[in-house]
Amino acid sequence: MRLKLNGWDLGITFAAAHFIPGHHKCARLHGHVYAIHCEIEGEEGEDYMVMDFTEIKRFLRDIAETLDHHVLVPGGGGEAGVEIKDDYVHVTVGEKRYVFPAEDCAIIDVPTTSAEELAKFILRWLLKNVEFSENVKALSIGVDEGKGQGAWCVQKL
Ligand SMILES: [Zn+2]
């Protein structure tokens with residue numbers, strides 16, 4: 001049995017700016033509207049449900065809200081050098097240097113802010129914060145960069 005939560009339909013979306021160091025086009029600062037999707041695979045429990053949607057939706061909304069209207073800064077040891085000084089985030093990528101107010105940034109523990117790495121980050125966040133019952137066998141997270149294109153990752157439990 002598989003539960004599916006579609007971020008576009010549920011309004012679990014966020015708008016954010018990012019850049020992908022080393023990419024011919026996406027290395028320039030730009031933005032997307034993102035949606036977070038989730039699939040939960042498992043057996044029905046005694047209550048005839050795999051899992052209550054409510055809790056998982058709340059966490060996905062929390063994550064979306066945390067990232068919404070922020071600059072996504074890759075703080076996980078990738079190509080970008082990230083330093084916080086006097087309430088400003090200094091980002092260095094090769095010859096480029098960005099300085100953002102710290103309050104405008106979401107520094108994320110990923111090497112780069114690709115949809116793939118954002119999906120993995122959100123999956124790790126959920127696994128850390130949500131208790132899944134034994135009948136849940138796998139959790140998948142999808143992150144769309146605009147409608148129709150995105151990355152999915154799956155973790156067996
Ligand atoms: Zn992009």
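Start by selecting residues 53-67 in this predicted model. This is helix α2, with 15 residues. From its first C-alpha to its last α2 reaches 21 Å, close to the 21 Å expected at 1.5 Å a residue.

Within α2, color L60, A64 and L67, the buried residues of the helix. Look down the axis of α2: these buried residues fall within an arc of 65°, so they line one face of the helix.

Now turn to the face of α2 pointing away from the buried side. The exposed residues there are T54, R58, E65 and T66.

The buried residues of α2 pack against four strands: β2 (13-18), β3 (30-42), β4 (70-74) and β8 (105-108).

Next, select the residues at the center of the contacts in the largest nonpolar core, which has 29 residues. I36, V73, L118, A119, I122, I141 and V143 touch the most other members. Elements giving two or more residues to this core are β3, α2, β4, β6 (88-93), β8, α3 (115-129) and β9 (136-145). The most comes from α3, with six residues. In soluble globular proteins, nonpolar side chains tend to be buried together.

End at V143, one of the core residues listed above. Leaving aside residues up to four places away in sequence, V143 touches Y34, I36, A115, L118, A119, I122, G150 and A151.

Key:
Residues numbered from 1 in each chain as written. Predicted model: local features only at pLDDT ≥ 70, side-chain atom pairs only at ≥ 80, totals over all residues. Expected span 1.5 Å × (residues − 1). Buried ≥ 20, exposed ≤ 12 C-beta atoms within 10 Å, placed from the backbone. Arc of directions from axis to C-beta. Contact = placed C-beta atoms within 7 Å. Core = buried A, V, L, I, M, F, W, Y, C linked by C-beta atoms within 7 Å.
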